[in-house]
Amino acid sequence: MATIDPTTSQVLGVGRPPALAAPEFLTDHLGTVIGIPLRIAIIVIGAMIFRAVAKKAITRVVQRILEPAESAESAGSSRSSGSAGEADEPRRSNRGPAVLHRDRARANERRQQRARTIGSVLSSIVTIVIAVVTTAMILDQVGIALGPLLASAGVVGLAIGFGAQSLVADYLAGMLIMLEDQYGVGDSVDLGEAVGEVEHVGLRLTQIRDLNGGLWHIRNGEILRVRNDSQEWARAVLDISVAYESNLDTVYEVLERTGHDMRQDPQFKGVFLEDPSVWGVQSLDADGVVVRMAVKTVPLQQWSVTRELRRRAKEALDAAGIDIPYPQRTVWLRTEGDATAPAPR
C-alpha cells in the first residue's frame, strides 16, 4: 500500500478539515460581511433619529402658530370678568382679520388649518430630503457609483422643472400666502376678476365664492395682488349731495349728529370703532354739492353701516329741510309767432 508524505499532504491540502475553510473566509472578508451592513444600519438609524428630531421641531413650530389663538382665548376669558362696558368693546390685534374676533371658533379653525397645512408640507419636505440623502449614502457603501445616477437625476429634474414650472410656482405662492397670512377662509377679498369670500386656501388653488354664488378656482401662482377687506378695520364712506342753497354748517351738524346717534344705537354696539366724521365738500357737481362722511368700523360691516347710515342721513336731512338735489333740465318751447322765445339750437 502506498503511503503519502505528511509534508506533501499539507502542500496539496489533502487531509485538511473542511470545517476550517469557513472561519478563514470570514476572517479574510470580515470588513465586507460585517462592516458594510453595520454601517448601513448606522446610517438608517441615524436617519430615523434625525427625522424624529425634525418632526418634533416642526411640531413646535405648529404649536407656536397656534399660540396666538390660545392666548386670545385666555385674554378673552380674563376680560369677560371685568366690567360689562369693557367686555362689549371690540378687541383688536396687531395681526389677523378682526372679523374673526367676532367668531372665535372660526378663527381657531382657520389657524389650525394653516398650522396643519404648513406642518404637513414641512414634514413631507424633511422626509423626502432625508430619504434621498440616506439612499445615496447606502448606495455609496454598497459600492455603486453615484456620479452617473446624479447626472441622470439632474437631467430628469431639469426636464421636469421646465415642464412643471407653473405647478412649482403655484405651490411656492401657496406656501407664502399661508406663512404670511395674506388671507384665509372667511375673508372677503378682491383678487382682480374674482371678488368674494374665501372658502378654501390650498397650496395650489384658492377658492372664492362671489356675490352671485359662483365658485372661482384660482391658481396661487396667478395671484398678483390681493385686497383683503377683513383685516384690522374697515371704513364706511358716504358721498351725500345737497342743494347749492343749503347751509353747509347745518349739513355738517346734521350728519355728525346722525352718525353719533347711530353709534349709540344698541343694534350697532361694537360695530363702530370711532365716531363718524364729516370730511367736508368732496366735489361741486352740476346738480349739487357733494359732502363726504366717513366712519371706521369692524371689518365686513362697512357695507351694512353705509346702507343704514345713508338711510338715516336722508331722513335727518329731510327733517332739517335740506334738499337732496336731483338732475334738472330746463326746456324752452316756442310756438309759431312767438318772437320772445329763443331760437332752438
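Mentor: Two strands pair if DSSP finds at least two bridges between them. Strands (E, at least two residues) and helices (H or I, at least four) are DSSP runs, numbered from the N terminus. Now take one bridge. Val 201 has Thr 206 as its bridge partner in β3.

A word on the source. This is a predicted model, where local features need pLDDT of at least 70 and side-chain atom pairs count only at pLDDT 80 or more, while totals for chains, interfaces and linings use all residues. Residues are numbered from 1 along each chain as its sequence is written, and side-chain values use heavy atoms, with hydrogens and water left out.

Thr 206 sits in strand β3, which covers residues 205-210. Is Thr 206 buried or exposed? Thr 206 has a relative accessible area of 0%, so it is buried. The cut-offs are simple: buried is under 20% relative accessible area, exposed is over 50%, and partly exposed is in between (1.4 Å probe, protein chains only).

What does the side chain of Thr 206 touch? It makes a polar contact with the side chain of Asn 220, at 2.7 Å. A polar contact is a pair of N or O atoms within 3.5 Å; within protein, one must be able to donate a hydrogen and the other to accept it, and residues adjacent in sequence count only if both atoms are side-chain atoms. Now widen the view to contacts (heavy atoms within 4.5 Å). Set aside the neighbours within four places in sequence. Thr 206 is then in contact with Tyr 183, Val 198, His 200, Val 201, Trp 216, His 217, Ile 218, Asn 220 and Ile 223.

Five strands make an open sheet, ordered β4-β3-β2-β1-β5, with antiparallel pairing. Its edge strands are β4 (215-219) and β5 (227-228), and each of them pairs on one side only.

Go through the pairs. β2 (residues 195-201) and β3 are antiparallel and share five bridges. Besides the pair we began with, Glu 197 has Arg 209 as its bridge partner in β3. The link from β2 to β3 is a hairpin of three residues. On to β1 (residues 188-190): three bridges join β1 to β2, again antiparallel. Val 189 stands opposite Gly 196 in β2. Here too there is a hairpin, with four residues between β1 and β2. Gly 192 lies in that turn and has a positive phi of about 110°.

Arg 219 and Asp 170 meet through their side chains in a salt bridge, at 2.9 Å, N to O. A salt bridge puts a side-chain nitrogen of Lys or Arg within 4 Å of a carboxyl oxygen of Asp or Glu. Arg 219 lies in β4 and Asp 170 in helix α7 (residues 165-180), so the pair ties together parts 49 residues apart in sequence. The two ends are set differently. Asp 170 counts as buried, at 2% relative accessibility. Arg 219 counts as partly exposed, at 28%. The structure holds 13 salt bridges in total.

Glu 308 and Arg 311 meet in a salt bridge at 2.5 Å, N to O. Both lie in helix α9, three residues apart, about one turn of the helix. Arg 311 also forms a salt bridge with Glu 315, with the closest N and O atoms 2.8 Å apart. A network of salt bridges links Asp 265, Glu 308, Arg 311, Arg 312 and Glu 315. Glu 308 is buried, at 17%, whereas Arg 311 is partly exposed, at 40%. Glu 315 is partly exposed too, at 45%.

A nonpolar core is a set of buried Ala, Val, Leu, Ile, Met, Phe, Trp, Tyr and Cys residues joined through side-chain atoms within 4.5 Å. The largest has 24 residues, and Ile 240, Val 242, Leu 255, Phe 272, Val 291 and Val 305 have the most contacts inside it. The elements giving two or more residues to this core are β6 (234-242), α8 (248-264), β8 (289-297) and α9 (302-319). Helix α9 gives the most, with five residues. Apart from this core lies another, of 15 residues, among them Val 121, Ile 177, Leu 191 and Ile 218.
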